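Hi,

Here is the structure I promised to pass on.

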Amino acid sequence: MVNPVVDKNKCIGCGTCVAIAPSTFEIGADGKAQVKTQVGDDPATINNAVSSCPVQAISLGEDQPAASADPSTGEATDQVNS
Ligand code: SF4
């Protein structure tokens with residue numbers, strides 16, 4: 001399950017994510033994007049919006065460790081040299 005989060009400190013309010021996934025993102029009163037509905041669009045559309053953000057302001061939620069290599073999970077630490 002995707003769980004998009006907008007970092008308003010990075011967002012420049014370009015509207016790209018809203019154009020791609022209008023059921024998930026909206027522009028707030030502050031002129032920055034915000035999540036309207038977590039799963040408003042299908043995951044592929046949300047992923048497309050995430051990857052289309054020019055400043056990488058959108059991340060996919062913390063409850064999805066499989067989405068990326070998260071060092072805090074300590075999962076992919078195969079540095080064993082024997
Ligand atoms: S695409 Fe990125 S910079 Fe543009 S409005 Fe959405 S979050 Fe903000």
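Serine 52 counts as partly exposed because it has 14 C-beta neighbours inside 10 Å. The scale here is: buried if 20 or more other C-beta atoms lie within 10 Å of a residue's own, exposed if 12 or fewer, partly exposed in between, with C-beta atoms placed from the backbone. Serine 52 sits in helix α2; helices (H or I, at least four residues) and strands (E, at least two) are DSSP runs, numbered from the N terminus. Not counting residues up to four places away in sequence, serine 52 touches Thr16, Cys17 and Ile20, where contact means C-beta atoms, placed from the backbone, within 7 Å. Serine 52 and isoleucine 20 are 32 residues apart in sequence, and their C-alpha atoms are 8.6 Å apart in space.

Before going on, a word on what you're looking at. This is a predicted model, so local features need pLDDT of at least 70 and side-chain atom pairs count only at pLDDT 80 or more, while totals for chains, interfaces and linings use all residues. Residues are numbered from 1 along each chain as its sequence is written. The mean pLDDT (the predictor's confidence in each residue, from 0 to 100) is 84 for the protein, and 73% of its residues reach 70 or more. The part to watch is residues 64-70: pLDDT stays under 50 there, and the model has 8 contacts beyond four places in sequence for that stretch.

Now the overall layout. The protein has 2 helices and 4 strands, in the order β-α-β-β-α-β from the N terminus on. Of its 82 residues, 18% are buried. Among contacts with a separation of 6 or more, 59% are between residues 24 or more positions apart.

Which residues touch the most other members of the largest nonpolar core? They are Val6, Cys17, Phe25, Ala49, Cys53 and Ile58, out of 13 residues in that core. (A nonpolar core is a set of buried Ala, Val, Leu, Ile, Met, Phe, Trp, Tyr and Cys residues joined through C-beta atoms within 7 Å.) Two or more residues come from each of β3 (33-35) and α2 (43-52), and α2 gives the largest share, 3 residues.

Leaving out residues up to four places away in sequence, cysteine 17 touches Phe25, Ala33, Ala49, Ser52, Cys53 and Ile58. Its C-alpha atom is 7.8 Å from that of alanine 33, 16 residues apart along the chain. Cysteine 53, with its neighbours within four places in sequence set aside, is in contact with Thr16, Cys17 and Ile58.

Then there is the ligand. It is surrounded by 14 residues, the closest being Cys11, Cys14, Cys17, Ala33 and Cys53; a residue is near a molecule if its C-beta atom, placed from the backbone, lies within 6 Å of it. The shell divides into 11 nonpolar, 3 polar and no charged residues.

Glutamine 56, in the loop between α2 and β4, has a positive phi of about 50 degrees although it is not a glycine. Glutamine 56 is exposed, with 11 other C-beta atoms within 10 Å. Serine 59, in strand β4, is partly exposed with 17 C-beta neighbours inside 10 Å. Beyond its neighbours within four places in sequence, serine 59 is in contact with Val5 and Asp7. Serine 59 and valine 6 are 53 residues apart in sequence and 6.5 Å apart in space, C-alpha to C-alpha.

Cheers

Key
Contact = placed C-beta atoms within 7 Å. Nonpolar A, V, L, I, M, F, W, Y, C, P; charged D, E, K, R; others polar.
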